[in-house]
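Please walk me through this protein, beginning with the overall fold and ending with one residue.

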Amino acid sequence: MALDGVVIASVVKEMNTRILGGRISKIAQPEADELLLTIKSGKTAQRLFVSASAGLPLIYFTEKNKPNPLTAPNFCMLLRKHIGNGKIISITQPGLERIVDIEIEHLNEMGDLCRKHLIIELMGKHSNIIFCNDCSMILDSIKHVPASMSSVREVLPGRPYFIPDTMEKQDPKQMTAQSFAAHFAGNQNIAKTIYMHYTGISPLVAEEIVARSGIDSSKQASACSDIEKLHLGNVFFQFMQDVKEGLFTPNIIYREEEPIEFCSVLLESYADHIIETFSSISEVLETYYSTRNLITRIRQKSAELRRVVQTHLERSNKKYDLQLKQLKNTKKREKYRVYGELLNTYGYEAKENAKQLEVINYYTNEPLTIPLDPDLSAQENAKKYFERYNKLKRTHEALSHLLVETEEEIEHLESIRTAIDMAVSVDDLTEIRQEMVQYGYMKKHASAQKGNKKVKVLSKPYHYVSSDGFDIYVGKNNYQNDELTFHFAEGKDIWMHAKKIPGSHVIIRTNGREVPDRTYEEAGKLAAYYSKGRESEKVEIDYIDKKQVKKPAGGKPGFVIYHTNYSLIASPDIRTIKLITD
C-alpha cells in the first residue's frame, strides 16, 4: 500500500518523540527528489530520510547513509543557509492529510530569531518538499510546479503556500458518529464511499473499518439502514479516536515470506495472515520497501532462469512421454519370440502359401494362430519373427536406459526450479546459473572464465535454531546442498529431505547430543517448507544419520543415495522456528 494519512500520523508521532527540540546538524540531497537530514536530539543523532519521488514518496528514520553529489543542489544549499543548526519547535500534520509540517526556529544573518517551515507533501505523483517562511510564502521547493503544469496551485518561489482542496473531502478527525451517518450515502460500495469522502483514508483502512463493523463491504452505501450507518459511524469514530490518541501498532503483513501490506494499526481483516509488529513505523517502512525491492529484483533476475528451466522441462517431459510410448510398443517382442520358436517346432505342418498356422502353444497349452507371409517358408517366417524380436529387445534395453536418464534430467530440472523459488539473494541465483551452465542448459557468458573450474559456493545456507537449542541448517540450491551434506555436516548429524520430491537438504547439528522429538519435528517442518511440497498440508520426510548418506558416482549436485532411513510426517509451517540472520 502507499502512505496514507493514518501512517503519516504514526510517522508524525514518532518524529515528535525522537527529534522535537533537536537541532538540524546536517542537510544533504543525495538525489534530485530526496533529502537526508541529520538531527541532534540530546546525546543522539537521528537521520531522517525524505523522498518526494513520484513513484515512491517516503519519510522515515534510518541508520543508513547515502553518498552525496560533489556539488550540493541549489535547494540543499538554500536549506543549509537558512535552517542549518535550526531548532525543531513543532511537527504537525494538517487534519489527516499526507503532509508533514516541520517548523524550525533559527537565527538570520542579523541575529534575529526567525521561523521557517519545511513542508513535506507525500501525495504520489504530486509529492514535493516545500520550504516556506512564517507567512506561508514559498521560498523554494525541491520540485517547481508552474502554472503550465498545474492549474490548481503553482509551487514556485514567491507564491503563497496552501493545501489544495480539489477533492472536497471531509476531515475524519472532525467527524462524529452522527455526522458520519447523516452524510453517508451514494451508489458506491461502503468501503469506497468512505475513502472517497474522507481525507487520508486509504482503501486498506476503509476495508478495515467496514470489517470491524461486520457489514458486507460490497453493499451500497444507499442500501444501508440507519442503524447500520450509525454503527459504522461509531466504529469509524472509535478508529479515529485511536489515531488521534496515537494508539499505533506498526506492523507488516506477510503471505509466506513476502510482505503484502503494512499499516500503523493492526488489521483484523488480515488476522489469518502472518503479522510482524514493530516498535517503530520507520522500521516498518524501511523493512517493507527494502524487502519488496529485493523480491522484485530477485524476480526480475530469476525470470530468464525460470524461462530456460521451463523450456527444458517441457522438452524433457515430451521426450519422456515419447520414450514411454515407444517402450510400451516393445512389449510385443515376447510374442514374436514365441512365434519364431513355435514355427521352428511346428513349421513342417504349414502348407505352401498358407497365410496362418494353427498350433498349440506349449507354454500355455492353448491353441494359437500364427500369421504367416505366404511368399516365405515357415523357416523364413520364423527367422523374420526372431529378427523383429531382437530389434525390439535392443530397443527395449536402450529405452530403459534412456528413460532413467530422462527421469534424472526431469528431477534435476525440478530441483533447479525449486531452488529458484527459494532464492533470496543475487548470490543464490549466481550459483543456480553456474549449475545450469555446467549442465548445458545455458550458455556461459563471454566474460566468464574459461575452463571447467569447481564452482565456489558464494551464499550461506539458512540457519535456524530449534526450541531445544539445536542448530538446523537448510541448503538453498543443489551446490549448497552438496556443500552442506558432504563438507559441513559431521557423521552423527541428522540429515533430512522431503521424500521423492525436490527440496533442500536439512542438517541437524547434534554435537554428539541426543536429539529430542520436538527438534526432529521442527527440522521436518523446514524440510517440508523448503521443498516442492510446501503448498501441501502434510509432507513425508526421510531422515537418517548423515554418515549413511552417499554421493553416487557421477551424480548431479544435490543428488544422494541412502538405503535405510526413518520417516516422519511434517506440516510446512515454520512460523515458530527461529531464523538466525548472521
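Residues 24 or more positions apart make up 60% of the contacts in the protein that have a separation of 6 or more, a contact being heavy atoms within 4.5 Å. This is a predicted model, in which local features need pLDDT of at least 70 and side-chain atom pairs count only at pLDDT 80 or more, while totals for chains, interfaces and linings use all residues. Residues are numbered from 1 along each chain as its sequence is written, and side-chain values use heavy atoms, with hydrogens and water left out.

The protein has 12 helices and 21 strands; these are DSSP runs numbered from the N terminus, helices being H or I of at least four residues and strands E of at least two. Its C-alpha atoms fill a box of roughly 130 × 60 × 55 Å along the principal axes. The radius of gyration is 36 Å, whereas a compact globule of 582 residues would have one near 25 Å. That radius is taken over C-alpha atoms, and the globule rule is 2.2 Å times the number of residues to the power 0.38.

Of the 582 residues, 47% count as buried, where buried means under 20% relative accessible area, exposed over 50% and partly exposed in between (1.4 Å probe, protein chains only).

Asp 493 is buried, because its relative accessible area is 0%. Leaving aside neighbours within four places in sequence, Asp 493 is in contact with residues including Ile 507, Arg 509, Ile 544 and Lys 546.
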